[in-house]
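Please examine the sequence and the three-dimensional model shown here before turning to the report.

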Amino acid sequence: RGWGVTLLGRSPERVAAAAAECPGTTTLVADPTDVDALPTYAPTLREHRPDGFHAVVCSVGSVLLQPAHRVSATAWRAVLAANLDAAFAALKLASELLPQGGSLLLFSSGAARIGLPNHEVIAAAKAGIEGLVRSAAASYARRNLRINAIAPGLTDTPLAAPLLASPAARKASESFHALGRIGDPAQVARIAATLIDPANDGITGSIVAVDGGLGQCRT
């Protein structure tokens, strides 16, 4: 859509690969889960875009599907770091990077809205993000910083590939969604673009479900 984009991530290889798919982007290698360090990159990021930023999108995340009694403390903390810590760090970065206002977009999950077996860890992390969105939206509204989230269902991305590795696994996953299909990442991206568009500056504190009905209905 003609926007300038800067990609930030902790893997130089993955950041470079993502940038290659989106010509004209700039990149910065940093740990997006480091709550203290991430906001300190705001001056460096401004050098990438002298005209300033209007949005921060935190698409960091992970998936762990196990019942609680099988989850180690290390695995629990890793999921919280990759999801909730990253979201909190992005909020702190946005408060530094967008002093005149703008948009922060986070990602929750349909699993935060309905009880699904073996989702305890990821559901807890994503539910925390939803609480963060609502509270932060209230805190930063007077600074014109809008804060929203998208809550997808299972979406056909590389992260979900192990859950869709066989026709039987895919069929089982589809059955959880009222519309009977796995999510399309392009659709999620279109909703993301809508939420961060300055033309839609009346939306804040919202969790937008793009989950095929997973969290809302059953058929």
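## Overall fold

The model is a predicted one. Its chain contains 6 helices and 6 strands. Along the sequence, these elements follow the pattern β-α-β-α-β-α-β-α-β-α-α-β. The chain has a radius of gyration of 17 Å, close to the 17 Å given by the globule rule for 219 residues, so it is as compact as a globular protein of that length.

Taken along the principal axes, the box filled by the C-alpha atoms of the chain is roughly 50 × 35 × 35 Å.

## The parallel sheet

In general, the strands of a sheet pair through backbone hydrogen bonds, and the pairing is either parallel or antiparallel. Here, an open sheet is formed by 4 strands in the order S3-S4-S5-S6, with parallel pairing. Strand S3 (55-57) and strand S6 (207-210) are the edge strands, each of which pairs on one side only. From one strand to the next, the twist averages 20°.

Within this sheet, strand S4 (residues 102-107) pairs with strand S5 (residues 145-152) in the parallel sense, over 6 bridges. At Gly102, the residue standing opposite in S5 is Leu145.

## Helices across the sheet

Two helices can be described relative to strand S5. Helix H4 (residues 120-140) lies across S4, S5 and S6, and its direction is at about 160° to S5. Helix H6 (residues 185-196) lies across S3, S4, S5 and S6, running at about 165° to S5.

Rolling a probe the size of a water molecule over the atoms shows where empty space is left. The second largest pocket holds about 150 Å³ of space. Its lining consists of Leu179, Arg181, Ile182, Gly183, Asp184, Gln187, Val188, Val210, Asp211 and Gly212.

By residue class, the lining of this pocket divides into 4 nonpolar, 3 polar and 3 charged residues.

Definitions and conventions. Residues numbered from 1 in each chain as written. Predicted model: local features only at pLDDT ≥ 70, side-chain atom pairs only at ≥ 80, totals over all residues. Heavy atoms only, no water. Pairing = 2+ DSSP bridges. Axes fitted to C-alpha atoms, helices over the stretch in contact; angles between N-to-C directions. Contact = heavy atoms within 4.5 Å. 1 Å grid on protein atoms, 1.4 Å probe; cavity = no way out; pocket = protein on both sides within 12 Å on 5 of 7 lines; lining within 4 Å. Points joined across faces, edges and corners; volume = space filled by probe spheres on them. Nonpolar A, V, L, I, M, F, W, Y, C, P; charged D, E, K, R; others polar. Rg over C-alpha atoms; globule rule 2.2 N^0.38 Å.
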